[in-house]
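Please read them alongside the coordinates.

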Amino acid sequence: MCMSATDSSRIHPLPCVGEPPPSRFTCPFCYTAHPLCVAAVGRLRQEILLHPEWQADLRQGKMLGVLVVDGAYLAAFSGTLCGRGDVGFFVPPVFDLHDPDCHFQQEEREISLINKEIGRLDAQLHPQLQLLRDRLAALRLQADQEIEEARERKRSGERAPDVGRSQYLNAEIHRAKVRWRERLAAVEGEIARLEAGAQALRDERMRRSARLQEWLFSRFTFLNARGESLSLGEIFSPAVPPAGAGECCAPKLLQYAYAHGLRPLCMAEFWMGESPKDEARVEGNFYPSCQAKCGPILAWMLQGLAVDDNPLLREYSLLAERMRIIYEDADIAVVVKPAGMLSVPGKLSLPSVRSEIERLLPRCSGPLIVHRLDMATSGLMVLALGWEAYHRLQEQFVRHTVVKRYVARLQRPLLAGAEGEISLPLCANPADRPRQMVSGRHGRRAVTRYRASATDPSTVYFWPLTGRTHQLRLHAAHPQGLGNPIVGDALYGKPSSRLFLHADYLQFIHPSTGEKVSFTSEPEGWHFR
């Protein structure tokens, strides 16, 4: 294989570490880092120590990635490093939109100038426009009052029928509407005249931004293992690609390998530096590729490669056999959901608690599912077998009178018997679903009580006082929470054989008897590796 000096400077030797290469390439969405990738990360960290300017930027937090090829490895960073998209040693971007001389940056500067001019015009015209808008609002109020008074005179006249007077009052209402319409139109026209300049600039900004976006999407083109190529716009069509698509580590690494005839063996992405305030990232942990930006791109780029099965989908067909019904009567059923089973049917044809109950108890009716557990979480769920039971149980969950307890194993022990409360508002991370994030602006209130076991402080009990998606997982992992991920949490910590989170206690009022009932379930098969 012949390559230029520039090309070879991006390909770094990886001495044999006594590990054979994997037979299939890494599934980027759920994996345990291969020893070859771990060795490559070690070499990359040694290189970073030689560059203080990289270290200063990386301390702020960034995702890095390695791709192992025959006898060597490639390295990449997401986004930019030290303000640049192309930094020697790392593979280059698929398209360097951060090059100050490229068309994208030039056009961005022109659009920025338009924004400044719009801001200048808005500031200059704001006092005049505000006066006109206030005047318009006052005139509209006067118009409504005058027309309503005319209508009231007409209604009063209708009590003593007089055809001639009724016609006169109708004409009076019509004249008032015409008169006020003309007065309002004059003020609205003056407002439109003053706004016309800024609106023309806004229209130009929108046209140029749309053209620039289309141009950019066409410049990001991605190869797959068969040598085929698609643009970013084609990959996401008919949807619009999200911001930053194509700038993550994995697409950069695969693109460079394909373009230079290198055989991808395995890949891993890891976090370096501080965790972002709104996410839970742990220094040195390996993370899966994001779904929103990288999912469609990698689905295309991996075509033609023999890729590991996604462990999240493996053996799910067996999960239905493991779901247990531990209590059943005419109104409710209590089940133990296995880890990896959906609560309700999803996009994939996988078994769910609902589908299995419908199969096992065909007499049931209504929505059945009153509350849910995350797919990766195991444990107790109560199901309503009819509409009346559903509404009565749902009311208890809405009023937060149901007692739910979870048991979890954390990566590091807490102080024995430590307890407290975590309150961090949560919402979906729009750029990386299904991950959630902490957001004071967009997040919904989420509160969790916790207590560490007195005899085994790696075991922690959680009482969620609210029911947000991934609440316990993120409250455990986030630096403002416990800063201690749950074992096996592939989204916020490190993957393992499973997520060690189990709903072990459930207490509620029976919807028909009115009695307080409770159920317990010990987690099964919690063997660490």
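1. The model is predicted: local features need pLDDT of at least 70, side-chain atom pairs count only at pLDDT 80 or more, and totals for chains, interfaces and linings use all residues. Residues are numbered from 1 along each chain as its sequence is written, and side-chain values use heavy atoms, with hydrogens and water left out.

2. The lining of the largest cavity divides into 8 nonpolar, no polar and no charged residues (nonpolar: Ala, Val, Leu, Ile, Met, Phe, Trp, Tyr, Cys and Pro; charged: Asp, Glu, Lys and Arg; polar: the others, Gly among them). Phe29, Cys30, Tyr31, Phe286, Tyr287, Pro288, Ala490 and Pro495 form this lining. A cavity is a set of points on a 1 Å grid over the protein atoms alone where a 1.4 Å probe fits but cannot get out; a pocket is an open set with protein on both sides within 12 Å along at least five of seven lines; lining residues have an atom within 4 Å of a point.

3. The second largest pocket is lined by 19 residues, and Met63, Ser78, Cys248, Arg281 and Lys293 are the closest to its centre. This lining divides into 8 nonpolar, 5 polar and 6 charged residues.

4. Leu74, leaving aside neighbours within four places in sequence, is in contact (heavy atoms within 4.5 Å) with Arg10, Ile11, Gly65, Val66, Leu67, Val91, Leu253, Tyr256, Ala257 and Leu262.
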